[in-house]
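Dear colleague,

I am handing over the structure below, and after it you will find my notes on what was found. Please read them with the model open beside you.

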Amino acid sequence: MFDITLALDWTPNTNHTGFYVALAEGYYEKAGINLTIHTPDLDNYKLSPAKRTAEKLATFGVAPSESVISYHTLSDAHPRLVAVAALLQTDTSAIVTLKDSRIERPAQLDGKVYASYNARFEDAIVAQLIRSDGGTGEFESITPAMLGVPNTLVDGIADATWVFMAWEGIQAQRDGINFNAFALRDYDVPYGYTPTLLSHPDTLEHNAIATRAFLDATATGYEKAAQDTELATRALIDIAQHPTLKDVSFVQASHDYIAPFYCDKSGQWGRMEAERWERFVQWLLANDIVKTVDGTLIGPEDLQADSLFTNAYFTD
């Protein structure tokens, strides 16, 4: 048996469904995998999934492309984490404001309050989004408690934040809250894959067989979820057993929204395109967003897109 630990980026939600379908349907067991899932609320978000993976507390972690990029810009003492799969083929996240805020486009966020998750490149990306729409990119950034970030708009604490439309967006809709949603791609921001599944280079070097087995079983789980959203809803709720999943109709609505984005046009899950990684990296570099932790700009020679990801552990 392969013992594998997976660190999620958030409480179990429909971004993660393929893992739970694979558990429910016995795909991991058949592949000889004993999977343990760590949800970040267990330690009050003390360690990010990327950090857990870097410290070998998890075999795989769920994180955005920026987390992979970040670990390629640290000192040699830190592992250069690698993305091995994309959980979604289409970015379903957006910067949102309340409809009644009269903030109807990114440029109007100048001087406003943004609720940040305090991710390393997050505020710089939001600032550039605003500039892409003609604003100055100047705003106030606050960092609420992690679970409270999406609520800051309703509570009147912040004017904007970043959410997944398949989760917080659906929940807001069901609660009668109307959002203005600014998808990054609509404002010339070639945002990368999010979330991704990342791993430690030592894992990939020394545990290739386990990695392939895990990805194959996970791919089958996501492909099944894309085909049968009712099965996906049952699996996520029954296996995760998390208090945020009590509303079955909400989870089903979220699955119906997100299912088309799990797989590529051929129906395969997880594969990533080099061109998409390259576009995002070049955009970050061109806009002086990638810096060392001490603020030194990083150039193209120090950040190669093809070193950030691999499709090599999928079975053709």
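D247 counts as partly exposed at 34% relative accessibility, where buried means under 20% relative accessible area, exposed over 50%, and partly exposed in between (1.4 Å probe, protein chains only). The side chain of D247 meets that of R174 in a salt bridge of 3.4 Å, N to O, a salt bridge being a side-chain nitrogen of Lys or Arg within 4 Å of a carboxyl oxygen of Asp or Glu. This pair links distant parts of the chain, 73 residues apart, with R174 in helix α6 (residues 165-174) and D247 in the loop between α9 and α10 (248-258); helices here are DSSP runs of H or I with at least four residues, numbered from the N terminus. R174 is likewise partly exposed, with a relative accessible area of 39%.

Please note that this is a predicted model, in which local features need pLDDT of at least 70 and side-chain atom pairs count only at pLDDT 80 or more, while totals for chains, interfaces and linings use all residues. Residues are numbered from 1 along each chain as its sequence is written, and side-chain values use heavy atoms, with hydrogens and water left out.

By the salt-bridge rule the count comes to seven. Among them is the bridge between D43 and R52, whose closest N and O atoms are 2.6 Å apart, and R52 counts as buried at 12% relative accessibility. Another joins D76 and R80, with the closest N and O atoms 3.9 Å apart; D76 counts as exposed at 73%, whereas R80 is partly exposed at 37%.

With regards

Methods. Helix = DSSP H or I, 4+ residues; strand = E, 2+ residues; numbered from the N terminus.
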